[in-house]
Every structure is written in structure tokens, then in C-alpha cells.
Amino acid sequence: MPRRRSLVDTTGTFSLLDDLTPPLRWPEFFGDDRPVELEVGPGKGVFLAHAGAEQPGTNFVGVELAKKYAIISAARAVKAGLDNVRVVAGDAQKFLDDFVPDRSVEILHVYFPDPWWKKRHRKRRVVNARFVDRASKVVKLGGELRVMTDVEEYFREILDLLTPHPAFEPIDESRVESGDAWQLQTNFANKFRIEGRPFFGERYRVLEP
Ligand SMILES: C[S@@+](CC[C@H](N)C(=O)[O-])C[C@H]1O[C@@H](n2cnc3c(N)ncnc32)[C@H](O)[C@@H]1O
């Protein structure tokens, strides 16, 4: 007999990008004026739930391409009783380009973006020159971009985009280190930590370019 899934009402927490009207106004979107942090590709929403519970004074929005995962993320936040988490199902680049107002995000989080190993698929990587440029505009001056990946080659590519960019200044002394320094809570980070697999991250301050 198939196992029954518990149904969680995600109304108010989950939205389809296609149902939203650009540009967003965060106070309307969240219903209050707490500062906003944005996660690209939250997967199953472990970071959003953890951060939302740890920082009740901050609103968190995740934009997740896979609708199935976006719903899982939203359901996790609802089950945890969080009123400061929202999840949008859609493409992060489109969300950043058309929906997120300039200089409106405190911290932009990107954790374990899909590596798209095959050369012909590389252009699907979410962190690319266009993404970085838009990130430099949606994050508030003095805010942060935080990136973590287990794929060293992707990490080097990200560093090559960010290091020469005039809007980004690295915060951490060491550029390549175990993500354990941050005690980052995501599904992938927790899995890799148990496996003893290294991962690489950097935090950047966003400055006037
Ligand atoms: C490898 S998973 C990592 C999930 C989570 N951040 C973690 O650390 O456990 C990458 C996630 O990014 C999502 N993703 C990939 N491309 C995306 C895009 N263009 N916009 C939004 N999400 C995207 C995938 O659907 C997937 O859920």
C-alpha cells in the first residue's frame, strides 16, 4: 500500500514565480518590513528553516527552480511555524532580473549550486557573469554575497568572476577552506560534513563599484 504523505498547507509561504507581478515590494510580499535575505536554489529548504528560526527579525526568501523542492522547502518552514520564510518556484536569474528591486537584499546566499559537469551543459550554471553582475546590484551596499560549493573547479570559476569585480570585496582571510568554519546548515553541507568531504566557500562584501 502506498505511504500517505502528510499534506501541509503552504498558502502564503509558497508561490509560483509566474503568479507574481514584478517588481516585488518586500513589505507587501512579506507583510512586514523586516530586512530580507535571499537564497538561490534552497533545495529541500534546510537553510531557510534553520536561518528563519535563528533570525526571527529577518525575512528569508528562497527561489528554487524545481517546483517539487520549492514545495518541500515551504512545507518545512510551515511545519516549523515560521512566519518569516517564503519560497518562490522559478528561475533565480529571472527572479533577480525582473522581480527583486535594486539594493533591497541584505545577504544573497548560494549554496551548492548544481555543477553541470558536462562541458556542453556548463552554460546552465547559475553562478555566471550575468548572475554576478545582477547580484552586485540587488544586494545593499555593505551587504553580502555568500557562496559555498563542494566542486573546487566551480569554486575557482566563481572566484575568477568575483575577484576582479569592483563591487565585491572578500571578507574571509582564507579563500579555500572547509565550510565548517561557517557551520552552514544546508542539506548538502550536512551530508558532506558527515562524509568528510571538503567544500569551499567565500563571503563577499558588496561595495559601490
Ligand atoms: C545541489 S542542490 C543544493 C540545494 C541546497 N542549496 C543545499 O545546499 O542543500 C541545487 C539546487 O539549486 C536548484 N537550482 C538549479 N538551478 C536553479 C535556478 N536557475 N534557479 C533556482 N534554483 C536552481 C536546483 O533545483 C537544486 O534544488
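Which residues does D114 touch, leaving out those up to four places away in sequence? R125 and Y154. Keep in mind from the start that this is a predicted model. With that said, D114 makes a handy way in, so let's begin there and work around the rest of the site.

D114 sits in the loop between β5 (105-111) and α5 (129-138). At 51% relative accessibility, D114 counts as exposed, because the cut-off for that class is over 50%.

Now look at E39, which has quite another setting. E39 is in strand β2 (residues 36-40), and with a relative accessible area of 2% it is buried. Setting aside residues up to four places away in sequence, E39 touches F47, L48, V61, G62, V63, H109 and Y111.

Next comes the ligand itself. There are 19 residues around it, and G41, E64, D91, Y111 and T186 come nearest. With A92, a backbone N or O atom lies 2.9 Å from a nitrogen atom of the ligand. Taken alone, the ligand exposes 600 Å², and the protein buries 90% of that.

K118 is in the loop between β5 and α5, where it is partly exposed at a relative accessible area of 48%. D150 lies in the loop between β6 (139-149) and α6 (152-162). Is D150 buried or exposed? It is buried, because its relative accessible area is 19% and the cut-off is under 20%. Leaving out residues up to four places away in sequence, D150 touches F112, F192, R197, P198, F199 and F200. With R197 there is a polar contact between the two side chains, at 2.9 Å.

F112 has a positive phi of about 55° although it is not a glycine. F112 is found in the loop between β5 and α5, and it is buried, with a relative accessible area of 8%. R103 also has a positive phi without being a glycine, of about 50°. R103 is in the loop between α4 and β5 and counts as partly exposed, at 29% relative accessibility. While you're checking the backbone, find P22 and P23: a cis peptide bond joins them, with omega about -10°. P23 is in the loop between β1 (14-16) and α1 (26-30).

S73 lies in helix α3 (residues 67-79) and is buried, at 1% relative accessibility. A polar atom of the S73 side chain lies 2.7 Å from the backbone oxygen of G43. Apart from neighbours within four places in sequence, S73 is in contact with P42, G43, K44, G45 and V87.

The other is D97, in helix α4 (residues 92-99). D97 is partly exposed, with a relative accessible area of 25%. Not counting residues up to four places away in sequence, D97 touches R130 and R134. With R130 the contact is polar, side chain to side chain, at 2.4 Å. If you'd like a sense of span, D97 and Y69 are 28 residues apart along the chain, and their C-alpha atoms are separated by 22 Å.

Methods:
Residues are numbered from 1 along each chain as its sequence is written. This is a predicted model: local features need pLDDT of at least 70, side-chain atom pairs count only at pLDDT 80 or more; totals for chains, interfaces and linings use all residues. Side-chain values use heavy atoms; hydrogens and water are left out. Helices (H or I, at least four residues) and strands (E, at least two) are DSSP runs, numbered from the N terminus. Buried means under 20% relative accessible area, exposed over 50%, partly exposed in between (1.4 Å probe, protein chains only). Contact means heavy atoms within 4.5 Å. A residue is near a molecule or strand if one of its heavy atoms lies within 4 Å of it. A polar contact is a pair of N or O atoms within 3.5 Å; within protein, one must be able to donate a hydrogen and the other to accept it, and residues adjacent in sequence count only if both atoms are side-chain atoms. Accessible areas come from the Shrake-Rupley method with a 1.4 Å probe; for residues, only the protein chains shown count as cover.
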